[in-house]
Each structure stands twice: as C-alpha cells, then as structure tokens.
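This briefing is for a reader new to the structure shown below. Please look through the sequence and the model before reading on.

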Amino acid sequence: MLLARLAQVSQEVAATSARSKKIALLAELFREAEPDDVPIAIPYLAGRLPQGRLGVGWKVLSRPVPPAAEPSLTVAAVDALLTELGKVSGTGSQAERARLVGELMGAATEPEQRFLLGLLSGEVRQGALDAVATEGLAQATQTPSADVRRAVMLAGSLQTVAEALLADGPEALDRFRLTVGRPVLPMLAHSATSVAEAVGKLGACAVEEKLDGIRVQVHRDGDTVHVYTRTLDDITDRLPELTAAARELRGDRFILDGEVISFDAAGRPRSFQETAGRVGSRVDVATAAEQVPVSPVFFDALSVDGHDLLDLPFAQRHTELARLVPEPMRVRRTLVSGPDDVGAAESFLAETLERGHEGVVVKSLDAPYSAGRRGASWLKVKPVHTLDLVVLAAEWGHGRRTGKLSNLHLGARREDGSYAMLGKTFKGMTDAMLTWQTERLQALATGTDGYVVTVRPELVVEIAYDGLQRSTRYPAGVTLRFARVVRYREDKRPEEADTVETLLAAHPEVKP
DNA sequence: TTCCGACAGTGGGGTCGCAAT
DNA sequence: ATTGCGACCCCACTATCGGAA
C-alpha cells in the first residue's frame, strides 16, 4: 500500500466531523489493506507509530525539506525507515537521526509530508484515535464492536488484535483472555465536585483515599513479578520494593491494581514531585530507593489464582483483594450505604486530607472492572482552590484554536506592585471566552514576538487549581498545579488580585 | 425530543536521562 | 559541567457525535 493512500484517507477522516463517517472511511481502508500492511496501517490511522516514540521531536521535524513530485513511498518502506531510526535512537547520533528524517521527508509528496509530520509529532488531528479506529476495525471485520473493544483492553494493544482479527476472523478474539504477565488497560475515574454529588450518583459505595503517586498494575506468577504503569510500560526494575512486596503475599498468581507512593519518616505522604522523581530514576535504582523508598497501596484485584475477576462486582473483587493483601498494603476506605449516609463520606474525606492525601475516590460496589474506560462508576473528589490573578501575556493557539489567543500567562501581585508569573493555562475556556479574550487582549497588547503577545496587566481572571508545587522555572519559586480558568473578573481591578504572599501563606507545606 | 456517555483536542508542569555544546 | 530535547509521569476542561431515555 502506498503512503499516499493512507495520507488521503487521513485527510478525508479529518474533513468530516461525523464519527460514523470517520469509522466508515477507516473500515474501508482496513478492508483493502494487505496482511503485511495491517500491523502498520492500523496504528498509523489510529494516530500512533508501531515503534512507539522514536527520539524525534519538534526540533528535527521543523527543518523544511523539499517535497517529492510523485508519490512513491510504500507503507512498508516508511516502516522500515522508522524502525532504522528507532535503532539509531538507542545508540546515539542526533545528526544521523536528522539525516534519516530528511531522507524520508525528501521522498514524500507534500500531503505525505503533512501526514508524516503529524504522525511523528503525535498530532494527527484527524478526529480519530484508537477508539474510533477500533470501531473501524469492528466494521471492517463485521465483528461486534464490544467484542473488539474488550479484546483490545485485554491485549493492551489495538494492532495485536487487528492482526489476529484480519488474519483469522472473529474466532481469533477468543485468544485474548486476561493473562497474568500481560498488562491490561487500567480502569479510570471521572470527577465529581463533592462527595455528596458522587454518593448521590452511585448509591451504596466505597469511599477510598486517593493517593498522589504513580498508578501500578502488579502481576505475579510464582517468583516472576512485573510492574506496569498506566500506559502499560514495564517499570519492574525501578521498583524492587514492589517485587519484594508481591512475593510476600500469600497467593502466587495474581494481578493487582494500586498506587505506588513514598512516605516520609513520620509516615506522611511525600509530594508527587518526590515520588515521581523516584519512580523515574532508572540508572542508580539502589541509591534512589535508599533515599526515597516507595510502598505499594492496592485497591483492586483483577485476577487471583487463575480466576478472572474483571466481571465480578467491586464488592466481590475487594473481598478477594482482602484475602490476599494484608490491611497495611491496602488503601484506607470506608463503606457508605447511600445518600442518607453522606456525612460518613464527608468526614472520611476530611480525615484523608488531614493525613496529607489528595482526596477520595468514590466507587460503586456493584460495578465490574471496565478496563481502559473512564467508567462513571469511579468518581474522584478533590478540593479545589481558587485565586484571582492577572493576565500578563497570551500565546496563539494551534489546531482548532488557530487564530485565537489561547494559553494565558498568569501573574500574582508582589508587594512592590510588580507581578510574578505563576504559570500558564489554556483550560476551562469556552469558544465564546476564546473569542472574547482574543479581542480584549489584543487591545491591551504591548508587544509580540510572533507567538507570545504581552499585554498591560489589567485583566483579572479567576483561576482554579489543585495545589502549589515547587518550581525552578518561575520567579516566585512555585507554580500552580492544574490551573484552569473559571471566569473573567471584570469587576476587579488588578490591584485587587491575589498576592504571592497570600498564596504562599495558604500553602505552608510548600517551600519555594 | 432531550439527555448524557464517550472521544478527541488543547495543551499545562516536573523529572529523568542522554547527546551536544 | 551545563544545556536542550524527548519521553513519560501526573492532569482539567470543552465541543461534538450519536445512542439511550
């Protein structure tokens, strides 16, 4: 198959907003693909590379290369070149990578170049990623989409399922069963604004501590233990404590879901930054483990002693978890009978925050484990802080925000009347707000470098955020975590905005 | 007809590790 | 030794489609 054909389909998919049409276009292409093209074409049209990341980013891709006049690249040739590129990434030379990228781009026509750039930078912007491609695959093979989705969750990979399905037909899906040693996509949570709202939606539920660490899926089969992240990367070697902990447990074949986090000497949770730094350390694990030891805290069991628990209600899965894992290694929780009992949930949240944790997750007791989906049966509740800050500058947006000032630079007042930038945000804006702020900020503009428009510090905006964290990038030594716009405060003068001092006073545990 | 679940898009900050400087 | 870059952790929110109610 020619790359030009893929680029054309991607273009057609991008051109329609109807999901049903996107799915039909993808299905048509999947049907016409040769068996050898399938493991390449499927991930390409799901906006991913089969090789994963290649060590090629914006820096290399931004060098323009004259396009070819006629399409000649095949999908297989592109894949071979990218595989070569992946090997070079392992061994070194940036110059060699740049040369290979140049070679590829030089052989591509203009539309092919556009498609490849999107693919390599992870921004295909065709309105179809894995989930839509999965629907397309189901349609192409005339297989119920729920069956395909489930197989993808269990395989942790769309292309594995696609190869099997297109080669052997629907019966091939039976091969994808929950297997110890093969990670599955983890179940995710939605947000709720209060425990009352969450309990109101779910009824009888468990309220569990939400720990601010790294999500882990731990597989043990005899003496063999593997630890996977949320994106199914194998991080076993970085976390020797988890292998040891898994081997201590009474069962010898299981899959558990939990969080890994570091506690200080006093038993308080360390900051996310500290835990994430430890989990990210790969070179001298022994030293890192000594300085920042981590502990697993489990909250779900997917498989125990060869039994697949995914379809059991949470209450039963937790019974299995409790049989296997002693209490100190399980997440703290309380059971709530329903909306009449919401007081118990609220006091549990208060206690949890007092213990230094992030918030709670409210979980329906009768929901199955919906791997890979952001099911509405888990609802997280975290406290939200707000501040009134001043817009110092704004950046031009990309994609659907092209031509709109999007990303705001946020400043807090200093006592001397100047402003300290605390971070940026592009979140929380409606299209109407984008239009409004583009006009308003341009009227306040004092200069631009073509990308960042600086403005007179006059516009006050109410910002919600999850917490403060240390920063080496910003002048106050701190930055906001997950800042988003709530609303503009045109009723407020910049002199009425919050100050760095009041912000620091509100978060005494964070030292700039 | 209206409501709501699922999806994609738009990017934020930090940290680590590696290659280039 | 320092710097720049890419990968991968954490993540919120809005717009839109299309099936469910």
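The points below cover a sheet, a helix packed on it, and the surroundings of a DNA strand.

This is a predicted model, in which local features need pLDDT of at least 70 and side-chain atom pairs count only at pLDDT 80 or more, while totals for chains, interfaces and linings use all residues. Residues are numbered from 1 along each chain as its sequence is written, chains are lettered from A and ligands numbered from 1 in the order written, and side-chain values use heavy atoms, without hydrogens and water.

**Sheet and helix**

- Five strands form an open sheet in the order β4-β3-β5-β6-β7, with antiparallel pairing (strands are DSSP runs of E, at least two residues, and helices runs of H or I, at least four, numbered from the N terminus; a pair needs at least two DSSP bridges).
- β4 (224-228) and β7 (307-308) are the edge strands, each with a single partner, so one side of each has no neighbour in the sheet.
- Strands β5 (residues 253-261) and β6 (residues 295-304) run antiparallel and are joined by eight bridges.
- Val 260 has Pro 296 in β6 as its bridge partner.
- Helix α15 (residues 314-324) packs on the sheet and touches β5 and β6 (contact: heavy atoms within 4.5 Å).

**DNA strand C**

- Around DNA strand C there are 31 residues, of which Ser 17, Ser 20, Gly 55, Thr 231 and Arg 484 come nearest (near: a heavy atom within 4 Å).
- Sugar and phosphate make up 92% of the atoms of DNA strand C that come within 4 Å of the protein.
- An N or O atom in the side chain of Ser 17 is 2.8 Å from a phosphate oxygen of DNA strand C.
- For Lys 380, the corresponding distance to a phosphate oxygen of DNA strand C is 3.2 Å.

Definitions and conventions. Axes fitted to C-alpha atoms, helices over the stretch in contact; angles between N-to-C directions. Polar contact = N/O pair within 3.5 Å; in protein donor to acceptor, adjacent residues only side chain to side chain.
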